[in-house]
Amino acid sequence: MIDTRAFFLAGIMAAAGSQAADLDFDKTFSSKGEARQLHYSATYVADGRAHTVEVWRDGEQRLKRRTDDKLETHIFKPAGQTEWQMVVLDLPRQIRTDIERTNLYRIGHFTDWFSMAHALTRPAGVYHLTALKQAPAAEAALGPCRWYALDRAGTVSNVCWSGQLRLPLLITDAAGKTLWRVTAASTTALPRAAFALNDAGFVHNNANADIQTD
């Protein structure tokens, strides 16, 4: 039920034309200086199927993702803290599930705020990140971005990172097939209603209680 698949796309063997020196993931894909608020829409491929996602991001405090108009994920994090709360709404079945970051880790979902908020997952092990001198894909990105090749255990993906939005505008595989594409984005101030949690009539499921009693 947790919407994490889109964040595990980055990975795959550096294309020809990349620079020799390896780069640091956190420094290259830094969120420092990002706009306070961001609203964007994207398409992505997971398990051979195309999906759509709409995301609202409020700094490092609030995040909402709506996937295929079926799953709505809300994440709340108090300022200055690492712990966060997640609420997942299964819209067709009208089920609300609450879970905390610690309990996600207990069941093997090792995701972090950056991954969820920026659609790019930090490599868990050894990786090689290199800048590309030219775009490896024919498809044009929504706006200006810089291309990088991220190699994890011989699996390479090409990431076109927007320094303005702090977001990958395009991600392709080593063959140039598009895996992720941002279709619209805005840094205009978001209305308060953007993060409203509308769960009237939903069945509530406290996953925290279920995990802690296992």
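**Exercise A**

Decide whether Arg-66, which has a relative accessibility of 26%, counts as buried, partly exposed or exposed, and then find which residue its side chain meets in a salt bridge.

*Solution.* Before starting, note that this is a predicted model, in which local features need a pLDDT of at least 70 and side-chain atom pairs count only at pLDDT 80 or more, whereas totals for chains, interfaces and linings use all residues. Residues are numbered from 1 along each chain as its sequence is written, and side-chain values use heavy atoms, with hydrogens and water left out.

Begin with the classes: buried means under 20% relative accessible area, exposed means over 50%, and partly exposed lies in between, with a 1.4 Å probe and protein chains only. At 26%, Arg-66 therefore counts as partly exposed. Next, look for the partner, using the rule that a salt bridge is a side-chain nitrogen of Lys or Arg within 4 Å of a carboxyl oxygen of Asp or Glu. The side chain of Arg-66 meets that of Glu-72, with 2.5 Å from N to O. Glu-72, at 6% relative accessibility, counts as buried.

Arg-66 stands opposite Glu-72 in E4.

Describe how E3 is joined to strand E4 and to strand E2, and state which residues in the turns have a positive phi.

*Solution.* Take the pairing rule to begin with: two strands pair if DSSP finds at least two bridges between them. E3 and strand E4 (residues 71-76) pair in the antiparallel sense over 6 bridges. These two strands form a hairpin with 3 residues between them, and Asp-68 in that turn has a positive phi of about 55 degrees.

Now turn to the other side of the exercise. Strand E2 (residues 49-58) and strand E3 (residues 62-67) run antiparallel and are joined by 6 bridges, and one of the facing pairs is Arg-57 opposite Leu-63 in E3. E2 and E3 likewise form a hairpin with 3 residues between them, in whose turn Gly-59 has a positive phi of about 55 degrees.

**Exercise C**

State how many salt bridges the structure holds, and work through the pairs that involve Asp-58 and Glu-139.

*Solution.* The total is 11 salt bridges. In one of them, Asp-58 is paired with Arg-62, and their closest N and O atoms are 2.8 Å apart. Asp-58 is buried at 5% relative accessibility, while Arg-62 is partly exposed with a relative accessible area of 27%.

In another, Glu-139 forms a salt bridge with Arg-181, the closest N and O atoms being 2.9 Å apart. This pair links distant parts of the chain, since Glu-139 lies in the loop between strand E7 (128-131) and strand E8 (146-152) and Arg-181 in strand E11 (residues 178-186), 42 residues apart. Glu-139 is partly exposed at 30% relative accessibility, and Arg-181 is partly exposed with a relative accessible area of 30%.

**Exercise D**

Find which cysteines are joined by a disulfide, and explain which parts of the chain the link ties together.

*Solution.* The structure holds 1 disulfide, which joins Cys-145 to Cys-160 with an S to S distance of 1.8 Å. The link is right-handed, with 85 degrees about the S-S bond. Cys-145 lies in the loop between E7 and E8 and Cys-160 in strand E9 (residues 155-162), so the pair ties together parts that are 15 residues apart in sequence. Cys-145 is partly exposed at 21% relative accessibility, whereas Cys-160 is buried at 1%.

**Exercise E**

Give the order of the strands in the sheet, and identify the edge strands.

*Solution.* The 12 strands form an open sheet with mixed pairing, in the order E7-E8-E9-E10-E11-E1-E2-E3-E4-E5-E6-E12. The edges are E7 and strand E12 (203-206), each of which pairs on one side only.

Conventions. Helices (H or I, at least four residues) and strands (E, at least two) are DSSP runs, numbered from the N terminus. A disulfide is a pair of cysteine sulfur atoms within 2.5 Å.
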